[in-house]
Amino acid sequence: MISQWRLRAAFAERLSRMYGREVPAYTTLVDVSRGVNEDVLRARGADAERLGSIGRVTAERHGAIRVGTPRELGQVARVFGALGMHPVGFYDLREAAASAVPVVSTAFRPVDGEELARNPFRVFTSLLTPADPRFFDAGLRSRLEAFLAGRELFPPDLLALADRAAAERELPEQQAERFLRLAVAAFELSAEPVDQAWYETLERVSAVAADIGGVRSTHINHLTPRVLDIDELYRRMTERGIEMIDTIQGPPAWKGPDVLLRQTSFRALAEPRAMRTPDGSVVSGALRVRFGEVEARGIALTRQGRALYDELLGRVDEQAARNPSAAARSDIARAVWEQHMPGSEQELAIGGLAYFTYRINPGRPRDGSRPPAGLGELVRQGWVRAEPIVYEDFLPRSAAGIFQSNLSGEGTRDNGQQGAAYDAGWLSGAIGRDVLDPFALYERQQNRSVAEVARALDLPDTLG
């Protein structure tokens, strides 16, 4: 029997091989990431593994896919449910980008700490929003919804095997092999000719809308390795002559602890695609929709820490507006961070700004004193160690920034119209299962460790 986590690991590995065949520059990205990680490990030793073992970091991937309808999203949830992955977080990219990006998103990932340590594969999944009149008028919406209703992304056999794996949390080896073959095939780039006129109609609204609703299949949009030094990765990729987007999205590089998520990518490549013209003939064309993203993950911030992050981002925006070059923005962001963001993990822990797993410090000298009742003092006085919880999720502004940097045009958006309402509750109904709150997941992990510390030190359960 093949357990869910082994199915998840095998799926991620096969998907990576498939994507490397389709987009050779992705293989280069993986190779360069591995080289950077090995160099960082040699230079920093055990400290390099503070946010995950080198084995986990090297194997780690996140994928990104795009679907068109709630029905398709529900089917995606069944496929990923087979792999022990749950929808976490709601991201509204419509509001996060200046360009037209008419999607809302969630991420499917494991949620249990042990499952994440075994294999943290996650898939950022975007859903088109045809009901938003800022992007689609009534006529185009009707045509788009009819087109999407007429396609099938996932064969019934795949969905049946997925449901069995989700229910039994494993599959017999033969069925597991069939499930994996069907699942990987569902995300391959289709050779079916693209209706050129229909694709171009949607592309005038948004290149993202065309990528979702202009074809009869879905595909991996990008697959992302994790790197321990994203600035060095960016430098090495550029040295190899691979065109990178202009910036690294997310927090700046600075001397303090890494928080949340930093991302960048190489630019979307022109890939040959067969195009069906209005007269029915098939011609050779090219589409730029897929790119190679890479990420560096930091510490998960609490709601209070995230509010500070957003406030600092606002300050950077305000100052950078007066000096808009990319280099100036990086310098401004670094200066703002060093002035306002706590410069050590201990300060983040004591300030309640980031999530940690707390453990008794066995090396503290026994001096007969009683431990204090406050978590901050326990950390400050060395009674407990604070081990950072890695950020497993995404930043809407960064995701939109990556999307936007790889678009061939800005598209169109009628801001005179009232946008359609989509939220986490709506998305939960569309998927048919609850979209989980990432803050609640981190808090639960932290609270379990705090309760264990309180029991061990004979302190109140309400340790704060």
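**Entry 1: the sheet.** I started with strand β2 (residues 61-67), which is joined to β8 by four bridges, the two running antiparallel. I remind myself that this is a predicted model. For one bridge I looked up the partners by name: Ala 64 is paired with His 222 in β8.

Next I asked myself in what order the strands of the open sheet come. There are five of them, in the order β3-β4-β5-β2-β8, and the pairing is mixed. The edges are β3 (86-92) and β8 (222-225), each of which pairs on one side only. On average, neighbouring strands here are turned by 20° against each other, direction ignored.

I also checked what lies across the sheet. Helix α17 (residues 424-431) lies across β3, β4 (103-109) and β5 (122-128), and runs at about 65° to β4.

**Entry 2: aromatic rings.** I noted 16 aromatic pairs in the count. I picked Phe 147 and Trp 198 to look at: their ring centres are 5.7 Å apart and their planes stand at 45°, so I write this pair down as tilted. Which helices do the two come from? Phe 147 belongs to helix α6 (residues 138-149) and Trp 198 to helix α9 (residues 196-205), so the pair ties together parts 51 residues apart in sequence. Buried or exposed? Phe 147 is buried, with a relative accessible area of 18%, and Trp 198 is buried too, at 6%.

I then found one aromatic cluster made by Phe 11, Phe 80, Phe 108, Phe 121, Phe 154 and Phe 187.

Arg 297 lies over the face of Phe 394, at 5.2 Å from the ring centre. Arg 364 lies over the face of Trp 383, at 3.9 Å from the ring centre.

**Entry 3: salt bridges.** How many salt bridges does the structure hold? I have 46 written down. My reminder here is that side chains of opposite charge can pair when their charged atoms come close.

I took Arg 8 and Glu 115 to begin with, whose side chains meet at 3.0 Å, N to O.

Then I turned to Glu 177 and Arg 181, with their closest N and O atoms 3.6 Å apart. Both lie in helix α8 (residues 173-186), four residues apart, about one turn of the helix. Glu 177 is partly exposed at 28% relative accessible area, and Arg 181 is partly exposed at 48%.

Another pair I looked up is Glu 387 with Arg 385, meeting at 3.5 Å, N to O. Glu 387 counts as partly exposed at 23% relative accessibility, and so does Arg 385 at 36%.

Last, I followed the salt bridges that share partners, and they join Arg 56, Glu 60, Arg 122, Arg 226, Glu 295, Arg 297 and Glu 392 into one network.

Notes
Residues are numbered from 1 along each chain as its sequence is written. This is a predicted model: local features need pLDDT of at least 70, side-chain atom pairs count only at pLDDT 80 or more; totals for chains, interfaces and linings use all residues. Side-chain values use heavy atoms; hydrogens and water are left out. Rings of Phe, Tyr and Trp (its six-membered ring) pair if their centres lie within 6.5 Å; planes under 30 degrees apart count as stacked, over 60 as edge-to-face and the rest as tilted. Buried means under 20% relative accessible area, exposed over 50%, partly exposed in between (1.4 Å probe, protein chains only). A charge sits over a ring if NZ of Lys or CZ of Arg is within 6 Å of the ring centre and within 35 degrees of the ring normal. Two strands pair if DSSP finds at least two bridges between them. Axes are lines fitted to C-alpha atoms, for helices over the stretch in contact, and angles run from 0 to 180 degrees between N-to-C directions. Contact means heavy atoms within 4.5 Å. A salt bridge is a side-chain nitrogen of Lys or Arg within 4 Å of a carboxyl oxygen of Asp or Glu.
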